[in-house]
Amino acid sequence: MKIINNWKLVVLACIIFGLAPFYKEPHVWGKLKWILGGANGMKLIDWFDFLMHGTPFVLLIRIVIIKITQFTKN
């Protein structure tokens with residue numbers, strides 16, 4: 001599980017997978033706006049797409065929380 005704890009790899013995944021496609025607006029941003037707007041008309045493939053593009057950001061938030069808790073314990 002060292003891969004999901006490697007912050008450099010997670011940041012790279014956020015840039016490549018999380019922000020793809022780079023033109024117009026990233027999928028994750030469009031899907032997030034769609035969900036916050038009520039998710040009307042979203043199909044299973046749209047939820048899967050949001051999950052796939054959003055996972056790197058969840059991992060990054062997880063790493064940040066771990067680092068903050070380690071810093072505050074010391």
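This is a predicted model: local features need pLDDT of at least 70, side-chain atom pairs count only at pLDDT 80 or more; totals for chains, interfaces and linings use all residues.
Begin by selecting Phe50, which touches Val28, Lys31, Leu32 and Ile35 when residues up to four places away in sequence are not counted, contact here meaning heavy atoms within 4.5 Å. Phe50 sits in helix α3, where helices are DSSP runs of H or I with at least four residues, numbered from the N terminus. With a relative accessible area of 23%, Phe50 is partly exposed, a class that lies between buried (under 20% relative accessible area) and exposed (over 50%), for a 1.4 Å probe and protein chains only.

Residues are numbered from 1 along each chain as its sequence is written, and side-chain values use heavy atoms, with hydrogens and water left out. Colour the model by pLDDT, the predictor's confidence in each residue from 0 to 100; the mean for the protein is 89, and 99% of its residues reach 70 or more. Confidence is lowest in α1, at a mean of 89, and highest in α3, at 92.

Next, select Lys31 in helix α2. Is this lysine, Lys31, buried or exposed? Lys31 counts as buried, at 10% relative accessibility, and, again leaving out residues up to four places away in sequence, Lys31 touches Asp46, Asp49 and Phe50.

Now widen the view to the whole of α2 (residues 27-36) and α3 (residues 44-73), whose axes come within 9 Å and cross at roughly 120°. Axes are lines fitted to C-alpha atoms, for helices over the stretch in contact, and angles run from 0 to 180 degrees between N-to-C directions. The two helices α2 and α3 are therefore oblique to each other, the word for angles that are not under 35 degrees (roughly parallel), over 145 (roughly antiparallel) or 65 to 115 (roughly perpendicular). On the α2 side, select His27, Val28, Lys31, Leu32, Trp34 and Ile35, which meet Asp46, Trp47, Asp49, Phe50, His53, Gly54 and Phe57 in α3. By class, this contact of α2 with α3 has 7 nonpolar, 3 polar and 3 charged residues.

Trp7, Val10, Val11, Ala13, Cys14, Phe17 and Gly18 in α1 meet His53, Pro56, Phe57, Leu59, Leu60 and Ile63 in α3. The residues of this contact of α1 with α3 divide into 11 nonpolar, 2 polar and no charged.

In the segment before α1, select Asn6, which is partly exposed with a relative accessible area of 35%. Asn6 and Leu60 are 54 residues apart in sequence, yet 9.5 Å apart in space, C-alpha to C-alpha.

Finish with the two loops. In the loop between α1 (7-18) and α2, find Pro21; the peptide bond from Ala20 to Pro21 is cis, with omega near -10°. In the loop between α2 and α3, select Ala39, whose phi is near 60°, a positive value in a residue other than glycine. Ala39 is buried, with a relative accessible area of 18%.

Definitions and conventions
Ala, Val, Leu, Ile, Met, Phe, Trp, Tyr, Cys and Pro count as nonpolar, Asp, Glu, Lys and Arg as charged, and the others, Gly among them, as polar.
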